[in-house]
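Dear colleague,

Please find below the structure I said I would pass on. My notes on it follow.

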Amino acid sequence: MNVAVLAHLDDRARSLCREGLIDEVVQWRVSDAEAPEWRDVYRDCEIVFGTIPASWIPRLTALRWLQLESTGFEYYRDSAAEISQRGILVTNLRGQFAEPAAETALAGALSLMRGVSALARGQHERRWQSLEVRPDTALLARSNALVLGAGAIGGHVRHLLEAFGASVQSFARSSPRAELHDLTSLDAALPGADLIISCLPSTPGTRLLFDRERLARLSRSAVIVNIGRGDLIDEEALADALEAGEIGGCALDVTQEEPLPPTSRLWAAPGAVLTQHTGGGHRDELADKAAYFLANLARWKTGEPLDGQVDARLGY
């Protein structure tokens, strides 16, 4: 069985893969750039581990299974028809980022609600702000929270919020775990939400879901957090709302363009916390990715269903 390991791995994760692929013919990543360089030997690989360029799909004539090193499938949207037609199985790392992403979402929310982001700026300026910041702090324990998405990350976000004592509703179009299933019910819930945390994937139905009109439904003290995909929010409209004091703040782990351009108004917008797509990270992240792939490989060999299967038609 020919396998291409093209994921970005550190020495520990690569060692795990070497131990787990001792019986396979393996082609290793040779480039440290964002994507590995194309080599003709990849054509013979039945299995690829890594988020490769979509333009490679037609060239990977032997490909039967693609294990992504992320959860996002949006990079392959234009290749979805070919993937489905050829019967290529695509799996992502569903569930792998639930804990770190949820903790980052709450860290961003708490930094705004408890005044930590404002106090950090004051510390940098050697300025004492107790009397300014303290009256405007809010309690997560008494908040009305709205979680967008009821998958692994959304479910863990909800679990943590409820542990803090927040009152939580979830929005998801088809999940039985959610209370809200359509945009009408979402719009009705937004004005009463103190905290909105989005864990949604990128799909045609989620892009610019929070446009200028929907942002205007939020209260002046509301905090919005995006740990999902950067195309959820109209960033110009968000910057306008922050600068006008029309919402309480935002914590963004993802943005429409990454890295966020230096010219973006969000860098300096009042009440903006930018966690710079670190939400899924932790010390064991790469080793965990390797372990996820190897566990799926064991299932592949025995004919068991693989974890994290993506429906190319839906995009997640």
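These notes cover the overall fold and then the cores.

This is a predicted model, in which local features need pLDDT of at least 70 and side-chain atom pairs count only at pLDDT 80 or more, while totals for chains, interfaces and linings use all residues. Residues are numbered from 1 along each chain as its sequence is written, and side-chain values use heavy atoms, without hydrogens and water.

The protein chain has 10 helices and 11 strands (DSSP runs numbered from the N terminus: helices are H or I of at least four residues, strands E of at least two). Its C-alpha trace spans about 65 × 45 × 35 Å along the principal axes. Of the 316 residues, 50% are buried (under 20% relative accessible area, 1.4 Å probe, protein chains only). Taking contact as heavy atoms within 4.5 Å, 61% of the contacts between residues at least 6 apart in sequence join residues at least 24 apart.

The largest nonpolar core has 31 residues; such a core is a set of buried Ala, Val, Leu, Ile, Met, Phe, Trp, Tyr and Cys residues joined through side-chain atoms within 4.5 Å. Among the elements giving it two or more residues are strand 6 (144–148) and helix 7 (183–189), but helix 9 gives the most, with 5. Phe210 is one of the residues with the most contacts inside this core. Beyond its neighbours within four places in sequence, Phe210 touches residues including Leu148, Ile196, Ile224 and Asp234. A second, separate core of 28 residues includes Ala102, Val157, Val168 and Ala251.

Regards
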